Amino acid sequence: MPLDPAFIGRSYPPSQPYDVSREKIREFADAIGADSPAYRDTEAAKALGHRDVIAPPTFAIVVSMKTNETVMFDPELELDYGRVVHGDQNFTHHRPITAGDQLVCVAHIDGIVARMGNDMVTVRTEISTVEGEPVTTAKSMLVVRGEDA
């Protein structure tokens, strides 16, 4: 059954705060093979004008994933997660994610399109500090494969 386009424009409540730590940043940088000293060394990050170590740009997926699950498992949307593949991901950074940040996410459904028997859902997640400072806009396109796919 196709997804209902009436969900376009739906927003979800803010997530619980995510505490960004130096350790989480280091672990992520290690996992993706990112070797910038700014991801591990406070003094190196400060020399670049940051207040503490910064996260690699794709670290935003760690922060936004739980919020995206809120959309994927919304019982009213009736999205069959077993048929979902990740179609696209991009980030617009307003500033680097930095150790010591407390971040919250708000997810929005920006689009639902049916093509060739598949539904494509565009989810935008706004990541900001608990004080409201914009940090990153994450956009994901999820493909929900049709019954015959």
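## Helix α3

Helix α3 has 13 residues and spans 18 Å from first to last C-alpha, close to the 18 Å expected at 1.5 Å a residue (1.5 Å times one less than the number of residues). Helices here are DSSP runs of H or I with at least four residues, strands are runs of E with at least two, and both are numbered from the N terminus. A kink of about 35° is centred on Lys 66; the bend is the angle between axes fitted to the seven residues ending at a residue and the seven starting there.

This is a predicted model, in which local features need pLDDT of at least 70, side-chain atom pairs count only at pLDDT 80 or more, and totals for chains, interfaces and linings use all residues. Residues are numbered from 1 along each chain as its sequence is written, and side-chain values use heavy atoms, without hydrogens and water.

## Buried residues

Ser 64 has a relative accessible area of 0%. Leaving aside residues up to four places away in sequence, Ser 64 touches Cys 105, Thr 125, Ile 127 and Ala 138 (heavy atoms within 4.5 Å).

## Second largest pocket

The second largest pocket has a volume of about 160 Å³. Of its 13 lining residues, Met 65, Met 72, Tyr 81, His 86 and Leu 142 are the closest to its centre. On a 1 Å grid over the protein atoms alone, a pocket is an open set of points where a 1.4 Å probe fits, with protein on both sides within 12 Å along at least five of seven lines; lining residues have an atom within 4 Å of a point.

α3 gives the most to this lining, with five residues.

Notes: Grid points are joined across faces, edges and corners, and a volume is the space filled by probe spheres set on the points. Buried means under 20% relative accessible area, exposed over 50%, partly exposed in between (1.4 Å probe, protein chains only).
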